[in-house]
Amino acid sequence: MPKYTVTIADVELCINTEESPDMVEKLVETVDSRMRGILSMNPRLSKSMAAIFCAVDYCADKLKGE
C-alpha cells in the first residue's frame, strides 16, 4: 500500500492508502483548509479540538447530503 507523508495544519502525518496521489493531495488541501479556517476563527483552540470540530462539520455535511 502506498505511503504518503503529508502536512495538515502544520502537523506532519504518514498516510497509507490505495488512493491516487491526486486524490491524496485534494484530501489534504480540503482538510488543511477546513482546519485553518476553524483555527482562524478561534486561535486559542488546540489542533486536537479543531480536528474534532472539523470532523463534526464534515459529518454534518454528509448527513445533510451535501
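**Figure 1. Where the two helices meet.** Helices α1 and α2 pack at an angle of about 115°, and their axes lie 9 Å apart. Axes here are lines fitted to C-alpha atoms, for helices over the stretch in contact, and angles run from 0 to 180 degrees between N-to-C directions. The crossing of α1 past α2 is right-handed; a crossing takes that name if the near helix is turned clockwise from the far one by less than a right angle, and is left-handed if anticlockwise. On the α1 side, the residues involved are Val-31, Arg-34, Met-35, Ile-38 and Leu-39. They meet Lys-47, Ala-50, Ala-51, Phe-53, Cys-54, Asp-57, Tyr-58 and Asp-61 of α2, where contact means heavy atoms within 4.5 Å.

A word on conventions: this is a predicted model, in which local features need pLDDT of at least 70 and side-chain atom pairs count only at pLDDT 80 or more, while totals for chains, interfaces and linings use all residues. Residues are numbered from 1 along each chain as its sequence is written, and side-chain values use heavy atoms, with hydrogens and water left out.

**Figure 2. The whole chain, for orientation.** Helices (H or I, at least four residues) and strands (E, at least two) are DSSP runs, numbered from the N terminus. Along its principal axes, the C-alpha trace spans about 35 × 30 × 15 Å. Of the 66 residues, 21% count as buried; buried means under 20% relative accessible area, exposed over 50%, and partly exposed in between (1.4 Å probe, protein chains only). Among contacts with a separation of 6 or more, 20% join residues 24 or more positions apart.

Figure 3. Helix α1 covers residues 21-41, 21 residues in total. From its first C-alpha to its last it reaches 30 Å, close to the 30 Å expected at 1.5 Å a residue (the expected span is 1.5 Å times one less than the number of residues). Which residues of α1 are buried? They are Val-24, Val-28, Asp-32, Met-35, Ile-38 and Leu-39. Seen down the axis of α1, these buried residues fall within an arc of 130°, so they line one face of the helix; the arc is that of the directions from the helix axis to the C-beta atoms. An α-helix has 3.6 residues a turn, so residues three or four places apart point the same way. The buried residues of α1 pack against β1 (3-8) and α2 (47-64). On the other side of α1, Asp-22, Lys-26, Ser-40 and Met-41 are exposed.

Figure 4. Asp-32 lies in helix α1 and is buried, with a relative accessible area of 17%. A polar atom of the Asp-32 side chain lies 2.6 Å from the backbone nitrogen of Ala-9. This is a polar contact: a pair of N or O atoms within 3.5 Å; within protein, one must be able to donate a hydrogen and the other to accept it, and residues adjacent in sequence count only if both atoms are side-chain atoms. Leaving aside neighbours within four places in sequence, Asp-32 is in contact with Thr-7, Ile-8 and Ala-9. Buried or exposed, where does each one fall? Ala-9 is buried at 2% relative accessible area, whereas Asp-10 counts as exposed at 57%.

Figure 5. Tyr-4, in strand β1, is buried with a relative accessible area of 17%. Its C-alpha is 5.6 Å from that of Cys-14, 10 residues away in sequence. Not counting residues up to four places away in sequence, Tyr-4 touches several residues, including Leu-13, Ile-15, Thr-17 and Val-24. A polar atom of the Tyr-4 side chain lies 3.2 Å from the backbone oxygen of Glu-19. The backbone nitrogen of Glu-19 lies 3.1 Å from a polar atom of the side chain of Thr-17. Thr-17 sits in the loop between β2 and α1 and is buried at 15%.

Figure 6. Val-11 is found in strand β2 (residues 11-16) and is partly exposed at 34% relative accessible area. Val-11 and Lys-47 are 36 residues apart in sequence, yet 8.9 Å apart in space, C-alpha to C-alpha. Not counting residues up to four places away in sequence, Val-11 touches Val-6 and Lys-47.
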